[in-house]
Amino acid sequence: MDECIPHERANRDFCVKFPEEIRHDNLAGQLWFGAECLAAGSIIMNREIESMAMKPLAKDLTRSLEEVRNIIRDQALRDLNFYTEKMKDSLKHFDVLFAEFELSYVSAMVPVKSPKEYYVQQEVIVLFCETVERALRLGYLTQDMIDDYEPALMFTIPRLAIV
């Protein structure tokens, strides 16, 4: 996909919302294993509702990969350096399905923040920074207090932000 459709890949911006311990090189393999298990009828332990909801997507994903494999196998017998439109379309379709499954599966397994939750968190961060900046400028705090992680400071900053 990186060679055949490098600029037409499915959007994966949602991955930044995944916890750090989830994002690793083996994630795709784990997702694929999960998709095959769900497509075969397995259920994720303690996640029956989510499993049932993801089962059609998992089946579509496994079917799509089988189609991609067949097209690539057929193309390999012809010309390895040429990507047909059929191959590109099947790769795009697979990529979109895999991205959808990735978001669904990881969201079912770990808490993933919604865009609104991220926006609210960013607003709090900005408010915190602006409060510290203003408090330093007005002399309410000193840089030494911040550098020393003064415990009283951790209670003061939110209160200053409210005021």
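**Overall fold and surface patches**

Read along the sequence, the protein chain of this predicted model follows the pattern α-α-α-α-α-α. The count is 6 helices and 0 strands.

The overall dimensions were examined next. The C-alpha trace of the protein chain spans about 75 × 40 × 25 Å along its principal axes. The radius of gyration is 24 Å, whereas a compact globule of 163 residues would have a value near 15 Å. Of its 163 residues, 29% count as buried.

One is nonpolar. Tyr-119, Val-120 and Val-124 form this patch. Together these residues have about 290 Å² of accessible area. Tyr-119 has its place in helix α4, which covers residues 115–138.

The other patch is negative. Its members are Asp-144, Asp-147, Asp-148 and Glu-150. Asp-144 lies in helix α5, a segment formed by residues 143–147. The relative accessible area of Asp-144 is 53%. Asp-144 therefore counts as exposed, because the cut-off for this class is over 50% relative accessible area.

In outline, the protein chain has helices and 0 strands, and its radius of gyration is 24 Å. Its surface carries a nonpolar patch that includes Tyr-119 and a negative patch that includes Asp-144.

Note on methods. Residues numbered from 1 in each chain as written. Predicted model: local features only at pLDDT ≥ 70, side-chain atom pairs only at ≥ 80, totals over all residues. Heavy atoms only, no water. Patch = residues over 30% accessible without salt bridge, like charges linked within 9 Å, V, L, I, M, F, W, Y side chains within 5 Å. Areas by Shrake-Rupley, 256 points an atom, 1.4 Å probe, with all protein chains shown as cover. Salt bridge = Lys/Arg side-chain N within 4 Å of Asp/Glu carboxyl O. Helix = DSSP H or I, 4+ residues; strand = E, 2+ residues; numbered from the N terminus. Lys, Arg positive; Asp, Glu negative; His and termini not counted. Charge placed at Lys NZ, Arg CZ, Asp CG, Glu CD. Buried < 20%, exposed > 50% of the residue type's maximum accessible area, 1.4 Å probe, protein only. Rg over C-alpha atoms; globule rule 2.2 N^0.38 Å.
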